[in-house]
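Visitor: I'd like to learn how to read a structure like this one. Could you walk me through it?

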Amino acid sequence: MAFFEQIGKRLVDAGQGVAQQTKNFADVTRLNSEISEKERKITQLYQTIGQTYYQNHSQAPEPEYRQAVEEIRALLTEIAQHQEEIKQIKGIVKCPSCGADVPLQAAFCNSCGARMTPGAPPAPPAEEGQVCPVCGAAVAEGNQFCTHCGSRLNHAETDENREG
């Protein structure tokens with residue numbers, strides 16, 4: 001009987017050892033996760049400090065930051081140029097009234113209805129989708145105004161007509 005008691009004690013001790021190791025592993029994992037989260041937060045705060053410094057001192061940076069500020073300016077200029085190139089490729093211009101992106105051929109802004117430079121004739125109506133009730137031009141979903149004739153699009157009536 002003593003033999004079985006010794007085996008039982010060894011099994012209990014081994015089980016307790018495994019349980020303790022599992023608990024230790026879980027605790028270490030939890031603490032490492034908390035450390036990583038705090039390090040991410042510190043990195044975000046560093047970025048916020050840097051952005052705030054740039055915003056407040058970009059016109060007259062301290063000598064040790066001058067080169068970095070100039071690099072940021074150059075990169076921002078390049079980004080703006082690339083964004084303009086993308087708009088040209090996509091055939092998009094800015095509305096002079098509200099600044100919204102408008103298709104190049106549009107006669108009127110789809111956000112505020114302002115007249116754009118003369119555009120192309122209206123596109124033929126799409127098989128499915130929204131059509132201007134005034135001129136019959138195809139209109140992108142979500143537009144508030146027709147890009148060809150400038151008429152205000154009444155989405156509530158359109159939705160009611162679809163349901164009725």
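This is a predicted model: local features need pLDDT of at least 70, side-chain atom pairs count only at pLDDT 80 or more; totals for chains, interfaces and linings use all residues.

Visitor: Where is N110 found? And is N110 buried or exposed?

Guide: Helices (H or I, at least four residues) and strands (E, at least two) are DSSP runs, numbered from the N terminus. N110 sits in the loop between β2 and β3 (130-131). As for burial, buried means under 20% relative accessible area, exposed over 50%, and partly exposed in between (1.4 Å probe, protein chains only). With a relative accessible area of 13%, N110 is buried.

Visitor: Which residues is N110 in contact with, leaving aside its neighbours within four places in sequence?

Guide: Contact means heavy atoms within 4.5 Å. Leaving those neighbours aside, N110 touches D101, V102, P103, N143, Q144, F145 and T147.

Visitor: How many salt bridges does the structure hold?

Guide: Side chains of opposite charge can pair when their charged atoms come close. For us, a salt bridge is a side-chain nitrogen of Lys or Arg within 4 Å of a carboxyl oxygen of Asp or Glu. The structure has seven of them. Take R40 and E37, whose side chains meet at 2.9 Å, N to O. Both are in helix α1 (residues 2-57), three residues apart, about one turn of the helix. R40 is partly exposed at 48% relative accessible area, and E37 is partly exposed too, at 43%.

Visitor: Which residues does K87 pair with?

Guide: One partner is E84, in a salt bridge of 3.8 Å, N to O. K87 and E84 are three residues apart in helix α2 (residues 66-90), so about one helical turn separates them. K87 is buried, at 16%, while E84 is partly exposed, at 42%. D101 also forms a salt bridge with K87, with the closest N and O atoms 3.8 Å apart. That pair links distant parts of the chain: D101 is in strand β2 (residues 101-103) and K87 in helix α2, 14 residues apart. Salt bridges that share partners join E84, K87, K94 and D101 into one network.

Visitor: Which residues make up the largest nonpolar core?

Guide: A nonpolar core is a set of buried Ala, Val, Leu, Ile, Met, Phe, Trp, Tyr and Cys residues joined through side-chain atoms within 4.5 Å. The largest one has seven residues: C95, A100, V102, A106, C109, A114 and M116. Another core lies apart from it, with five residues, including C132, A137, V139 and L153.

Visitor: How many disulfides are there?

Guide: A disulfide is a covalent bond between the sulfur atoms of two cysteines. The cut-off is a pair of cysteine sulfur atoms within 2.5 Å, and the structure holds zero. The cysteine sulfur closest to that of C95 belongs to C112, and at 3.7 Å, the two are too far apart for a bond. C95 is buried, at 3% relative accessibility, whereas C112 is partly exposed, at 30%.

Notes
Residues are numbered from 1 along each chain as its sequence is written. Side-chain values use heavy atoms; hydrogens and water are left out.
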